[in-house]
Amino acid sequence: VARRLTRPVVEMQSVARRMAEGNFSVKAPVRSPDEIGRLGRALNVMAARLKEKIGDLEEERARTAAILDSMVEGVLAVDARDHVLLLNQSARAIFRLGPKLGEGKPFLEVIRNPDLFHLLRACREGAGAMVSRELHLTTPVERALQVHALPLRLGGEGTGVLMVLHDITELRRLEQVRTEFVANVSHELRTPLTAIRGYLETLLGGALEE
């Protein structure tokens, strides 16, 4: 009996090992009517269900990635060790990062900005409240960012941080243009108004009667 079971057992071990490696297309032998056959059928059912679940998770991940990449705001997430978990397309554009660069690496190795890193740490050390701050980047290009940071619960892995980055560079530029315009108009108006006031004071001082 031991000799008859040797080959099915070896086959079953090989199938189980390949399934553990992520190959769910293999099939366990089910020819034997005894426990080996029942084990093979159970393995095949389990592999089919795992393959279906993994497919569902991959579809969900693809949908989530598509939604994040369609956002105008940059989205950045780090784990409890300050390693980058996620960068959407807008965040990569802000920091001039390629499509595969950044994820899994230390934050400061990817984004060399101490102010943003200090905001990250302040958010993690806070009482779970959102931290918001306006930051100015000088590299890779000069930008003004409104950053909102929120603690990210990662279960037993600790607390990460999720940051949403609003690029307000153009807004600040338009505000500066408006300020300069108002200053110029005020200056242009101030000169004729000063002259008119001088004429009025002269007239009111007696020149009107003369």
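Helices here are DSSP runs of H or I with at least four residues, numbered from the N terminus. By that reading, E175 and R172 both belong to helix α6 (residues 169-207) and sit three residues apart, about one turn of the helix. The model is a predicted one.

Side chains of opposite charge can pair when their charged atoms come close. E175 and R172 form such a salt bridge, at 3.1 Å from N to O. Both ends are partly exposed: E175 has a relative accessible area of 30%, and R172 has 28%.

Eight salt bridges are counted in the model. Among them is the one between R124 and D82, with 2.7 Å from N to O. This pair links distant parts of the chain, as R124 lies in helix α5 (residues 114-125) and D82 in the loop between β1 (74-78) and β2 (84-87), 42 residues apart. D82 counts as buried because its relative accessibility is 7%, under the 20% limit. D82 and R124 also belong to a salt-bridge network together with R121.

Another salt bridge joins D167 and R143, at 2.5 Å from N to O. It too links distant parts of the chain: D167 is in strand β5 (residues 159-167) and R143 in strand β4 (residues 143-153), 24 residues apart. R143 is buried at 16% relative accessible area, whereas D167 is partly exposed at 37%.

E52, D56, E58 and E59 form a negative surface patch. D56, a member of this patch, lies in helix α2 (residues 35-69) and is partly exposed, with a relative accessible area of 39%.

Methods. Residues are numbered from 1 along each chain as its sequence is written. This is a predicted model: local features need pLDDT of at least 70, side-chain atom pairs count only at pLDDT 80 or more; totals for chains, interfaces and linings use all residues. Side-chain values use heavy atoms; hydrogens and water are left out. Patches are made of residues with over 30% relative accessible area and no salt bridge: like charges are joined within 9 Å, nonpolar side chains (Val, Leu, Ile, Met, Phe, Trp, Tyr) within 5 Å. Accessible areas come from the Shrake-Rupley method with a 1.4 Å probe; for residues, only the protein chains shown count as cover. A salt bridge is a side-chain nitrogen of Lys or Arg within 4 Å of a carboxyl oxygen of Asp or Glu. Lys and Arg count as positive and Asp and Glu as negative; His and the chain ends are not counted. The place of a charge is taken as NZ of Lys, CZ of Arg, CG of Asp or CD of Glu. Helices (H or I, at least four residues) and strands (E, at least two) are DSSP runs, numbered from the N terminus. Buried means under 20% relative accessible area, exposed over 50%, partly exposed in between (1.4 Å probe, protein chains only).
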